[in-house]
Amino acid sequence: MPIPEKDKSFYRYTKDHRFAAMYPLLAREIIDKYGLTEGTCLDIGTGSAALAIELSKISDLEIIALDAEPEAIEMAGENCARHGVPDGRIRLVTAPVEKLPMPDGSADLILSRGSIPFWKDLASAFREIFRVLTPGGQAMVGCGFSHLQTLADVKAMRPVWSPEVLADRTRWKKGDLVAEALRQAAVGTYHIADDDYGTWVEISKPGRE
Ligand SMILES: C[S@@+](CC[C@H](N)C(=O)[O-])C[C@H]1O[C@@H](n2cnc3c(N)ncnc32)[C@H](O)[C@@H]1O
C-alpha cells in the first residue's frame with residue numbers, strides 16, 4: 001500500500017523528524033546493551049531507516065534495513081544519501097517480516113522498532129526472526145523510546161492517538177498474544193520488558209555448545 005501523503009514526513013529522516021533526537025540515543029543504548037559493534041544487524045520495518053543510519057555511524061555492523069513497503073525503502077535510500085551514508089553501507093531490502101529473504105543463522109542482531117503493531121501474523125514473524133538469528137544472537141522487537149532520554153522528553157515526543165488508533169496500535173500487547181505467538185514459533189528464550197519507555201520482546205537464541 002503506498003504511503004499516504006500525510007504520513008510521508010515520518011519517512012523523511014531530517015532534523016525536523018519528530019523522533020530525530022531519539023534515534024541516535026536508541027542506537028547508542030542498543031550498542032551498549034548488547035556490546036555488538038560488528039557482525040550483521042537486521043532492522044525490520046525500518047521505515048525511514050533512521051535507526052539503521054544511526055547504528056551505521058557508531059558501529060562496524062553490516063546493516064540490512066528491511067521493510068515490506070517499497071516506497072519506505074525508496075525513501076530510506078534517500079535518507080541514507082541525506083545523512084552521507086556511503087553507498088552499500090546499509091543494504092536496503094523490500095520484504096515482509098513473515099518471509100525474510102535471508103539464510104538461517106545469518107543475523108547477529110535483529111531489531112524492530114514500531115513495526116510489530118502492523119504485523120498480521122505474529123507467530124510467522126517470530127519464527128522467521130528466530131530462524132534468521134545466529135546461535136548466540138539477540139533480537140529486540142517492540143515499540144518505545146530510549147532510556148538515554150528523560151521521561152519528560154519521551155512524554156513530549158509520544159504521539160497522541162485517538163482511542164481507536166491507540167487500541168489498534170497496542171492490541172499486540174494485550175493478553176497473551178505475544179506469549180502465544182512465541183510458543184507457536186517455538187521460541188523459548190525470551191523476555192518481555194515493559195516500562196514507561198516502551199515494550200520490547202527480547203529474544204536470545206541459544207549458542208552452539
Ligand atoms: C511506524 S513505522 C516504524 C519505522 C521505523 N522502524 C521507526 O522506528 O521509525 C512501521 C514500519 O513497519 C513496516 N511494516 C509493516 N508491516 C510490516 C511487515 N509485515 N514486514 C515488514 N515491515 C512492515 C511499515 O511499512 C513501516 O515502515
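How many nonpolar, polar and charged residues does the shell around the ligand have? I will start there, keeping in mind that what we have on the screen is a predicted model. By class, the shell is made up of nine nonpolar residues, five polar ones and four charged ones. There are 18 residues around the ligand, and those that come nearest are Tyr 23, Gly 45, Asp 67, Arg 113 and Ser 115.

On the oxygen side, an oxygen atom of the ligand has a polar side-chain atom of Asp 67 at 2.6 Å. On the nitrogen side, a polar backbone atom of Gly 45 is 2.8 Å from a nitrogen atom of the ligand, and a polar backbone atom of Ala 68 is 3.3 Å from a nitrogen atom of the ligand. As for burial, the ligand taken alone exposes 600 Å², and the protein buries 88% of that.

Now to the helix packing. Two packed helices are described by the angle between their axes and the distance between the axes. Helix 2, residues 22-34, and helix 3, residues 50-58, have axes that come within 8 Å and cross at roughly 60°, and these two helices are therefore oblique to each other, with a crossing that is right-handed.

The other pair is helix 5, residues 122-132, with helix 8, residues 177-184, which pack at an angle of about 55° with their axes 8 Å apart.

Technical notes:
Residues numbered from 1 in each chain as written. Predicted model: local features only at pLDDT ≥ 70, side-chain atom pairs only at ≥ 80, totals over all residues. Heavy atoms only, no water. Near = heavy atom within 4 Å. Polar contact = N/O pair within 3.5 Å; in protein donor to acceptor, adjacent residues only side chain to side chain. Areas by Shrake-Rupley, 256 points an atom, 1.4 Å probe, with all protein chains shown as cover. Nonpolar A, V, L, I, M, F, W, Y, C, P; charged D, E, K, R; others polar. Axes fitted to C-alpha atoms, helices over the stretch in contact; angles between N-to-C directions. Helix = DSSP H or I, 4+ residues; strand = E, 2+ residues; numbered from the N terminus. Parallel < 35°, antiparallel > 145°, perpendicular 65-115°, else oblique. Left-handed = near helix turned anticlockwise from the far one by under 90°.
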